[in-house]
Amino acid sequence: MNYTYKTKGVCSRQINLEISDDGVINRVEFIGGCNGNTKGVAALCVGQKAEEVISRLEGIKCGSKSTSCPEQLAFALKEALAQ
């Protein structure tokens, strides 16, 4: 499944996902944000179960912001799995 998520409250604008039928993340692409950090987070998530990634990333904040790009990825994965 391919899924596009519009981020809220962070520097990145969008997250594009590809998740297999068994819940494994095949691709993560951040549009905008801190290039090296978002590429690193994306690379670490590929091949992992979406539920595991959600549990690891949820609750991460960026400085004084109420969320972060990793947490936005967790939100995107939750929405994608609910489809």
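**Strand β1 and its sheet**

In the predicted model, strand β1 is joined by 5 bridges to strand β2 (residues 12-19), and the two run antiparallel; strands are DSSP runs (E, at least two residues) numbered from the N terminus, and two strands pair if DSSP finds at least two bridges between them. Within this pairing, Tyr3 stands opposite Leu17 in β2, and Tyr5 stands opposite Ile15 in β2. The two strands form a hairpin with 5 residues between them, and Gly9 in the turn has a positive phi of about 80 degrees.

Residues are numbered from 1 along each chain as its sequence is written. For this predicted model, local features need pLDDT of at least 70, side-chain atom pairs count only at pLDDT 80 or more, and totals for chains, interfaces and linings use all residues, while side-chain values use heavy atoms, with hydrogens and water left out.

In a regular strand the side chains alternate between the two faces of the sheet.

The open sheet comprises 3 strands in the order β1-β2-β3, with antiparallel pairing. Its edge strands, β1 (2-6) and β3 (25-32), each pair on one side only.

Technical notes. Helices (H or I, at least four residues) and strands (E, at least two) are DSSP runs, numbered from the N terminus.
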